[in-house]
Amino acid sequence: MRSIWKGEVSFGLVNVPVKVYSATEDHDLHARQVDKKDGVRIRYKKVRDDNGEEVEFSDIAKAYESEEGEMVILTKDDLASLPVEQNHEIEVTEFVPADQVDPVAFDNAYFLEPASRSNRAYVLMREALQQTDRLAICTFTLRNRTRLCALRVYKDVLMLQTLLWPDEIRPAILEGLDKEAKVRPQEVKMAASLIETMAADFEPEKYEDDYQNQLKELIEAKAAGGEAFTVEEKDTSSDDDGDDEVADLLAALRASVKDRGGKADDADDQEDDEGDDDEDSGSAKKTASKKSGSSSAKKTPAKKTAAKKAPAKKAAAKKSTAKKSTSSKSDSGSSGSGTAKKSTASKSTAKKAPAKKSTARKAPAKKSA
């Protein structure tokens with residue numbers, strides 16, 4: 001690698017000589033503009049605005065507009081004369097907790113290499129940053145810009161991460177968040193369960209840039225005179241604009257947890273529903289009450305049917321008693337006494353039958369509940 005800057009990191013009275021290297025690179029395939037008829041490359045020329053004559057790159061200078069609207073030409077030597085350009089120092093202003101710098105502010109990353117014969121100061125700063133778990137906030141000038149940056153440790157190397165200035169980060173003014181939807185507690189609980197089933201240590205090596213891989217495959221296929229992929233026809237008959245929400249979010253979450261091999265809690269969530277003013281929650285309660293009511297109604301007829309059978313037994317008991325009493329008239333007195341006992345037994349059996357009927361009368365009370 002080739003260093004792009006050389007200077008020193010300074011904090012307090014300690015100076016650490018370093019060389020700066022770009023830590024990242026672009027792996028994307030870059031296209032060239034060509035004439036689509038025959039593939040001949042299209043080139044851009046630097047031309048004068050007044051007569052269209054081409055200007056050599058060495059004759060091109062930078063110009064800035066003054067407050068009065070006059071164009072002021074500045075050469076490379078003029079820009080190099082700025083005091084900040086002459087200061088080759090990464091000045092540490094403070095050390096802050098690492099979690100106080102939001103990742104949205106991170107920009108470009110640079111490796112710092114020890115630039116002196118002894119790397120003792122370099123190692124000292126690295127170990128101190130690791131032990132305190134802090135970032136060194138500093139400023140330095142690179143490529144005609146003063147940059148705010150964070151100095152941190154990355155795989156035993158000091159890394160300089162440039163930060164966006166506060167006014168370079170746009171405020172999050174989004175119309176879709178003007179009215180925030182309410183979510184039920186059990187939905188949040190199930191979403192957290194889904195997150196737990198997908199929890200893992202970050203291993204960037206297992207991810208690939210699918211677009212670039214497929215782009216390479218397409219290029220090779222086209223170069224060989226073939227086709228790499230076929231486009232499936234999309235169904236445009238639907239008027240869905242993509243804004244429809246999931247019909248039952250909780251059911252979708254449960255299905256996702258089960259699909260990931262997790263345990264979805266299918267228990268009654270009435271406790272979580274209490275105190276929830278969400279319309280969907282209210283609908284869910286009404287549906288649950290209807291289901292419980294219908295199930296109670298189904299069980300009640302079974303008890304009524306049992307009650308209807310009771311009178312039949314009672315009638316059978318009366319007929320049996322009548323027959324036995326008729327036969328007792330033609331028999332002797334001793335047989336009559338036996339018949340009387342049987343008649344008494346049949347009457348006691350008949351008396352037990354209404355008990356089932358009275359049990360059936362309690363069923364409507366369950367139905368009203």
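How do H4 and H6 lie relative to each other: roughly parallel or roughly antiparallel? Hold that one for a second while I say what we're looking at.

This is a predicted model, so local features need pLDDT of at least 70 and side-chain atom pairs count only at pLDDT 80 or more, while totals for chains, interfaces and linings use all residues. Residues are numbered from 1 along each chain as its sequence is written, and side-chain values use heavy atoms, with hydrogens and water left out.

Quick overview. The protein has 10 helices and nine strands; these are DSSP runs, helices being H or I with at least four residues and strands E with at least two, numbered from the N terminus. Of its 369 residues, 19% count as buried, meaning under 20% relative accessible area with a 1.4 Å probe, protein chains only. Take contacts between residues at least 6 apart in sequence: 59% of them join residues at least 24 apart. Contact here means heavy atoms within 4.5 Å.

Back to the helices. H4 covers residues 185–197 and H6 covers residues 249–259, and they pack at an angle of about 20° with their axes 9 Å apart. The axes are lines fitted to C-alpha atoms over the stretch in contact, and angles run from 0 to 180 degrees between N-to-C directions. So there's our answer: H4 and H6 are roughly parallel, the word for angles under 35 degrees. On the H4 side, the residues meeting H6 include Met190, Ala191 and Leu194, and their partners in H6 include Leu250, Leu253 and Val257.

Last stop, Gln161. You'll find Gln161 in strand E9, residues 157–163. Gln161 is buried, with a relative accessible area of 8%. The Gln161 side chain makes a polar contact with the Arg152 side chain at 3.0 Å; that's a pair of N or O atoms within 3.5 Å, one able to donate a hydrogen and the other to accept it. Leaving out residues up to four places away in sequence, Gln161 also touches others, among them Phe106, Asn108 and our friend Cys149.

Technical notes:
Buried means under 20% relative accessible area, exposed over 50%, partly exposed in between (1.4 Å probe, protein chains only). Angles under 35 degrees count as roughly parallel, over 145 as roughly antiparallel, 65 to 115 as roughly perpendicular and the rest as oblique.
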